Amino acid sequence: MDGSIQGSSRPAHFLRPNNDNHLRYSDHSPTTTTTPTTHNSWDSKHEHQSSMNQHGDPSSSHDDPMPSTSDFVKKLYKMLEDPAFQSVVSWGPQGDCFVVKDMNEFTKSILPRMFKHSNFASFVRQLNKYDFHKVKNTDDNQFGEHSWTFRHPDFHADRRDALENIKRKVPAQRKAQQAAAAAAAVAQTHVQLSLPSLGGSGGPGPSSLLGGASTNQTSSAHIQAQNQLQIEQLLLEVKRLREEGDDLRGRVGVLERNYQSVLVEMVGFQRGMAQQDGLMQSLISYFLGNENGKCF
């Protein structure tokens, strides 16, 4: 009984004190039940935070000038708009590209601050996933040969509204869809070529069987004609190769005869050289003998 009275939300004049006089209410002070405030306090705090996010938080979607742009592109654009980073990374001269002037400083100080990592290769891969392309440095590049320049058709300094057109590429999914479509087309073609047409739902009729036989005969004749043509082409090719082989053998025979003639001439030349050498030795001996006789 006490519990039901304490949990009641009636005014005090509807209540009656019990025999123990545990509860005595004044007729002048209407009383309502006091419920725990823990849950209500959490709800109030949560509602307050939600209200702050909606009205006072700069990151709210109502204050976001680029609501439909991906987070990576947003960070990239905000990084280039920050004057503190201009000495390291900035827009190009025409505003249609951006330039990383100092890769080491960019990797060490800006990447961890804007993108929560310090891997320049990962940053470049992320750019490629969003279809940014690296621009080759030219000889008149004012930022130096070690700078990195990236460009996207919809990424411009004065075209913030075009940033929503920059989407993440999905090449793997597209290739899989194309491969599946090609496989389906090949399978359908194979079925159409290999299966005869059915004459109704009950199975092939006489006309369809005759048509199938005629089609098979036509296909067989066509295949035979193709085989015959290929055989004739092969025979012509064999004949041509034989003629070329005979011609080559004739040329090799001429070369062998010329080689024999050269060998004979070389042998004759060596014999002549030997005779001349013997004559020179004889002349030298003769002159030496005359000189010795004069001396004595």
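**Core, charges and a helix**

Start with a surface residue: Arg251 is exposed, at 53% relative accessible area. One caveat before going on: this is a predicted model.

Arg251 has a partner. Asp247 forms a salt bridge with Arg251, and the closest N and O atoms are 3.3 Å apart. Both sit in helix α7, four residues apart, so about one helical turn separates them. Asp247 is partly exposed, at 40% relative accessibility.

The next pair is Arg249 with Asp246. Their salt bridge has its closest N and O atoms 2.1 Å apart. These two also lie in α7, which covers residues 206–295, and they are three residues apart. Arg249 is exposed, with a relative accessible area of 56%. Asp246 is partly exposed at 46%.

There is also a network. Salt bridges link Glu237, Arg240 and Glu244.

What does the record say about this stretch? An unreviewed UniProt entry annotates residues 224–258 as "coiled-coil region". In the model that span is 100% helix and 0% strand, with its end C-alpha atoms 51 Å apart.

How many salt bridges does a search of the whole structure find? Eight. One of them joins Lys169 to Asp131, at 3.9 Å from N to O. Lys169 lies in the loop between β4 (148–151) and α6 (171–194), and Asp131 in the loop between α5 and β3, so this pair ties together parts 38 residues apart in sequence. Lys169 is partly exposed at 38% relative accessibility. Asp131 is partly exposed too, at 28%.

Now the inside. The largest nonpolar core has 27 residues. Those with the most contacts inside it include Leu76, Met79, Phe98 and Phe106. Which elements give two or more residues to this core? They are α3 (71–81), β1 (89–91), β2, α4 (103–115) and α5. Helix α3 provides the largest share, six residues.

Look along α3. Its buried residues are Phe72, Val73, Lys74, Leu76, Tyr77, Met79 and Leu80. Note the lysine in that list. These buried residues pack against β1, β2, α4 and α5.

Leaving aside neighbours within four places in sequence, Phe106 is in contact with Met79, Val88, Val89, Val100, Leu111, Phe120 and Phe123.

On to the rings. A whole-structure search finds 17 aromatic pairs. One of them is Phe98 with Phe132: edge-to-face, 6.3 Å centre to centre, 75° between the planes. Phe98 is in strand β2 (residues 98–100), while Phe132 is in the loop between α5 (120–129) and β3 (133–135), so the pair ties together parts 34 residues apart in sequence. Buried or exposed? Phe98 counts as buried, at 0% relative accessibility. Phe132 is buried as well, with a relative accessible area of 1%.

One more ring contact. The charged end of Lys134 sits over the ring of Trp148, 4.9 Å from its centre.

Last, the second annotation. The unreviewed UniProt entry gives "domain: HSF-type DNA-binding" for residues 111–135. Over those residues the chain is 60% helix and 12% strand. The end C-alpha atoms there are 20 Å apart.

That's my tour. Over to you.

Key: Residues numbered from 1 in each chain as written. Predicted model: local features only at pLDDT ≥ 70, side-chain atom pairs only at ≥ 80, totals over all residues. Heavy atoms only, no water. Phe/Tyr/Trp six-rings, centres within 6.5 Å; stacked < 30°, edge-to-face > 60°. Buried < 20%, exposed > 50% of the residue type's maximum accessible area, 1.4 Å probe, protein only. Lys NZ or Arg CZ within 6 Å of the ring centre and 35° of its normal. Core = buried A, V, L, I, M, F, W, Y, C linked by side-chain atoms within 4.5 Å. Contact = heavy atoms within 4.5 Å. UniProt positions renumbered as here; feature names shortened; annotations may be inferred. Salt bridge = Lys/Arg side-chain N within 4 Å of Asp/Glu carboxyl O.
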